[in-house]
Amino acid sequence: MKYRLLAPGPTPVPDRVLLKMSHTLIHHRTPVFEAAFAEARKGLQWLMQTEYDVITLAASGTGTFEAAMQNFFSPGEQIITIGGGKFGERWGQMGRQLGLDVIEIDVDWGMAVTVEAVQSALDEYPNVKGVICVGSETSTGVRHPYEDLAKLVKDREDTIFLLDGITAVGVWDISPERDGIDVLVTGSQKALMLPPGLGFMAVSPKAWARNAKGTCPHYYFDLAKERKALQKGLGQTAYTPGVSLIIGLTEAIKMMQEEGLEAMFARHDRMARATRAGVDALGLKRLAEVPAASVTSVWAPEAIAKNAVVTGMRDRANITIAGGQDDLKGRIFRLAHLGYFDELDICTTLSALEIILRQEGYTDFEPGASIAAAQPILAEGFVAKGGDA
Ligand SMILES: *Cc1c(COP(=O)(O)O)cnc(C)c1O
């Protein structure tokens with residue numbers, strides 16, 4: 001069978017992007033690279049719906065987040081992080097490791113944080129300098145109410161709101177200025193349709209003001225230095241950039257612009273609704289209290305062996321999907337629908353899922369039930385677009 005990458009990251013990379021990146025390697029201190037980087041930066045501002053500076057780093061999403069923590073906070077300063085999943089917990093661990101005073105709000109995996117919980121933490125700790133939230137908690141498929149949390153921080157002069165938008169940017173409508181996000185982080189290998197290796201960060205003036213007085217040690221991740229390089233207007237980064245990925249990014253952005261933001265968000269929403277309808281029709285239970293449009297997390301039926309869906313998909317269908325992490329390992333599986341995914345990828349996912357479930361002995365559904373439930377939703381995307389290969 002064909003190999004199919006249907007994970008929530010890395011996600012599939014379109015041929016157009018792969019071909020673009022296969023061009024012979026160019027040097028970065030050249031007019032050709034500078035023009036490409038200028039185009040990529042403009043495209044990122046379009047995608048992230050911001051006029052803020054967007055910094056590009058040669059790092060994964062985690063590295064990019066570390067850059068944010070090191071540059072906007074000083075050791076001993078208090079920040080609020082939100083548990084509730086692998087990534088929310090990671091930002092708490094990272095803050096502690098960097099010597100910050102982390103107040104972590106405990107959230108059960110699969111639940112969304114409440115505004116009240118964050119409000120009461122802010123009341124209890126008036127010196128908090130930052131609130132960090134994951135928009136789309138990829139480990140559980142939950143969408144946290146970040147817009148409401150950002151409002152709690154907006155009028156505090158020296159407190160900033162950071163959003164992990166790593167599987168949210170490009171999936172639904174986010175704008176730092178409109179939504180009150182001071183630092184919006186995303187990465188290349190999720191909705192941006194690129195291989196791993198680039199991180200992006202939109203930074204508000206309020207966050208830059210914090211950066212100016214920060215004392216957390218850092219060298220490579222020096223955002224002031226990166227900003228200076230940007231402001232020189234020479235299309236350069238402080239250190240050697242991810243040249244091939246940035247070239248690929250220009251093509252990925254071109255594809256997104258051809259589709260348009262609104263259509264792109266609608267496609268993600270459609271795929272998410274269809275996936276949920278499909279797994280519901282199989283009698284399966286979903287994990288996320290408030291589901292994100294990027295990934296659907298599903299409890300594996302009790303009756304089948306641990307992790308059997310993920311390994312069955314891998315070994316018998318040549319499909320990579322994601323399983324659970326930490327306590328959820330082997331107990332859930334996660335169906336992705338972000339980035340270079342379309343309506344028919346959802347049919348593939350659901351069909352393969354039905355076959356694997358049946359082979360594993362879970363038969364409480366009519367064959368084709370998930371597809372039957374998903375099709376009317378997917379059909380909304382079947383309109384003339386004049387596409388080609
Ligand atoms: C993938 C992901 C990360 C981690 O990014 P890496 O590129 O693996 O370092 C962080 N947060 C969320 C929500 C993610 O989906």
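Helices (H or I, at least four residues) and strands (E, at least two) are here DSSP runs, numbered from the N terminus. The model described is a predicted one, in which local features need pLDDT of at least 70 and side-chain atom pairs count only at pLDDT 80 or more, while totals for chains, interfaces and linings use all residues. Residues are numbered from 1 along each chain as its sequence is written, and side-chain values use heavy atoms, with hydrogens and water left out.

**Cavities**

On a 1 Å grid over the protein atoms alone, a cavity is a set of points where a 1.4 Å probe fits but cannot get out, and its lining residues have an atom within 4 Å of a point. Grid points are joined across faces, edges and corners, and a volume is the space filled by probe spheres set on the points. By this rule there are five cavities of 30 Å³ or more.

The largest cavity holds about 70 Å³ of space, and strand 2 (residues 53–58) gives the largest share of its lining, three residues. Among the residues lining the largest cavity are T56, L57, A58, Y220 and E226. For the classes, Ala, Val, Leu, Ile, Met, Phe, Trp, Tyr, Cys and Pro count as nonpolar, Asp, Glu, Lys and Arg as charged, and the others, Gly among them, as polar; the lining of the largest cavity then has seven nonpolar, four polar and one charged residues.

The second largest cavity holds about 50 Å³ and is lined by F87, V134, S136, T138, D164, I166, T167 and K190, which divide into three nonpolar, three polar and two charged.

**The ligand**

The ligand sits in the second largest cavity, in the sense that more than half of its atoms lie within 2 Å of the grid points. Around the ligand are 14 residues, of which S60, T62, T138, D164 and K190 come nearest; a residue counts as near if one of its heavy atoms lies within 4 Å of the molecule.

| Side chain | Ligand atom | Distance |
|---|---|---|
| S60 | oxygen | 2.6 Å |
| T62 | oxygen | 2.5 Å |
| D164 | nitrogen | 2.6 Å |

Taken alone, the ligand exposes 380 Å², and the protein buries 89% of that, with accessible areas from the Shrake-Rupley method and a 1.4 Å probe. Helix 3 (61–72) and helix 4 (86–97) are the elements that give two or more residues to the shell around the ligand, and helix 4 provides the largest share, three residues. By class, the shell divides into four nonpolar, seven polar and three charged residues.

**The largest pocket**

A pocket is an open set of points with protein on both sides within 12 Å along at least five of seven lines, and the largest has a volume of about 1,500 Å³. Of the 35 residues that line the largest pocket, M255, Y340, F341, D342 and D388 are the closest to its centre. Elements giving two or more residues to this lining include helix 10 (243–259), helix 11 (261–281) and helix 13 (343–359), and the lining comprises 18 nonpolar, three polar and 14 charged residues.

**Backbone details**

G9 and P10 are joined by a cis peptide bond with omega of about -5 degrees, and P10 has its place in the loop between strand 1 and helix 1. M193, a residue other than glycine, has a positive phi near 65 degrees, and is found in the loop between strand 9 (183–187) and strand 10 (198–203).

Technical notes: A polar contact is a pair of N or O atoms within 3.5 Å; within protein, one must be able to donate a hydrogen and the other to accept it, and residues adjacent in sequence count only if both atoms are side-chain atoms.
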